[in-house]
Amino acid sequence: MRDIETLLKKPSKKIDPIVKKLLAHGVETRTRPLLFYQIEAGGKRLRPCLAVLSCLACGGRARDAWYPAAGLEILHTYTLIVDDIIDHSEKRRGKPTTWKKFGRSFAECASVDYGASVLEAAVRSRNTAAVAHIFGQTMKEVVDGEILDILFEQGGREEETYAVKNRFRKVTLKDYVDMIGKKSAFLFQASCELGGLAAKAAKKEIFSLKKYGWHLGIA
């Protein structure tokens, strides 16, 4: 376990400053504490670390994966902020969620800045178009997964007519795996794929990395 923690710490130290740099770019100084709050709340940085380690595994240089990795962490945190708003969650990692601390309106504004910062990460990455495509597809998959998660709820949200009309009356194992595949596993898949892309790995290697990331995410 200690070996794993040590392995994850090194990429995290490099990634966090880049994440903050991307979030701070082009925004007012007074807005930055709002944007930094969720990032500074903690987290293992598993997804960006997977991107860096996948890059290294394919013979690439770690620095070539920094910006895609940072974009992944921003994307992941973006989904957490929105998820907490949707679920009315008041705590995450033992601390008030972004909307609970700053208010719903400011959390929604922060989430838009996070989305813009993901685009900025793609622009600063090698293979910009390919990275942007992966980020875009990942966002859409996660949103699809979140919608399924909401529709799996067996009650509540009576004021939301779409939820009431489309709610699943029965959730099968296949439905559940589909949901976690979109909401969680696809992010892990994207992490490994982006790492391989940063290393200019062969298509066969990238395919294997994607498969590995997917199954790790499901697990």
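The structure holds 1 cavity of 30 Å³ or more, and the largest cavity has about 40 Å³ of space in it. Keep in mind that this is a predicted model, in which local features need pLDDT of at least 70, side-chain atom pairs count only at pLDDT 80 or more, and totals for chains, interfaces and linings use all residues. Residues are numbered from 1 along each chain as its sequence is written, and side-chain values use heavy atoms, with hydrogens and water left out.

**The cavity**

- On a 1 Å grid over the protein atoms alone, a cavity is a set of points where a 1.4 Å probe fits but cannot get out, and lining residues have an atom within 4 Å of a point.
- Grid points are joined across faces, edges and corners, and a volume is the space filled by probe spheres set on the points.
- Around the largest cavity you'll find Asp-64, Pro-68, Ser-125, Arg-126, Asn-127, Val-131, Leu-194, Leu-197 and Ala-198.
- Sorted by class, that lining has 5 nonpolar, 2 polar and 2 charged residues (Ala, Val, Leu, Ile, Met, Phe, Trp, Tyr, Cys and Pro count as nonpolar, Asp, Glu, Lys and Arg as charged, and the others, Gly among them, as polar).
- Helix 9 gives the most to this lining, with 3 residues (helices are DSSP runs of H or I, at least four residues, numbered from the N terminus).

**The largest pocket**

- A pocket, unlike a cavity, is an open set of points with protein on both sides within 12 Å along at least five of seven lines.
- The largest pocket comes to about 350 Å³.
- Its lining takes in 18 residues, and Thr-79, Leu-80, Val-142, Val-143 and Glu-146 lie nearest the centre.
- Helix 4 (66-87), helix 7 and helix 9 (173-198) are the elements that give two or more residues to the lining, and helix 4 has the largest share, at 8 residues.
- Class by class, the pocket lining has 10 nonpolar, 3 polar and 5 charged residues.

**Helix 7 and its partners**

- Helix 6 (residues 104-123) and helix 7 (residues 128-152) pack at an angle of about 150°, with axes 8 Å apart (axes are lines fitted to C-alpha atoms, for helices over the stretch in contact, and angles run from 0 to 180 degrees between N-to-C directions).
- Helix 6 and helix 7 are therefore roughly antiparallel, a label for angles over 145 degrees.
- On the helix 6 side, the contact (heavy atoms within 4.5 Å) uses Gly-115, Val-118, Ala-121, Ala-122 and Val-123, and helix 7 answers with Thr-128, Val-131, Ala-132, Phe-135 and Met-139.
- That contact has 8 nonpolar, 2 polar and no charged residues.
- The crossing of helix 7 with helix 9 is left-handed, and their contact has 14 nonpolar, 3 polar and 9 charged residues.

- Helix 9 and helix 10 (residues 203-218) pack at about 145°, with axes 7 Å apart, in a right-handed crossing.
- Among the residues in this contact are Phe-186, Phe-188 and Cys-192 of helix 9, plus Tyr-212 and Trp-214 of helix 10.
- The helix 9 contact with helix 10 splits into 13 nonpolar, 5 polar and 2 charged residues.
- Cys-58 sits in the loop between helix 3 (46-57) and helix 4.
- The C-alpha atoms of Cys-58 and Gly-195 are separated by 8.3 Å, though the two are 137 residues apart along the chain.
- Setting aside neighbours within four places in sequence, Cys-58 is in contact with Gly-196, Ala-199, Ala-201, Glu-205 and Leu-209.

Note on methods
Parallel < 35°, antiparallel > 145°, perpendicular 65-115°, else oblique. Left-handed = near helix turned anticlockwise from the far one by under 90°.
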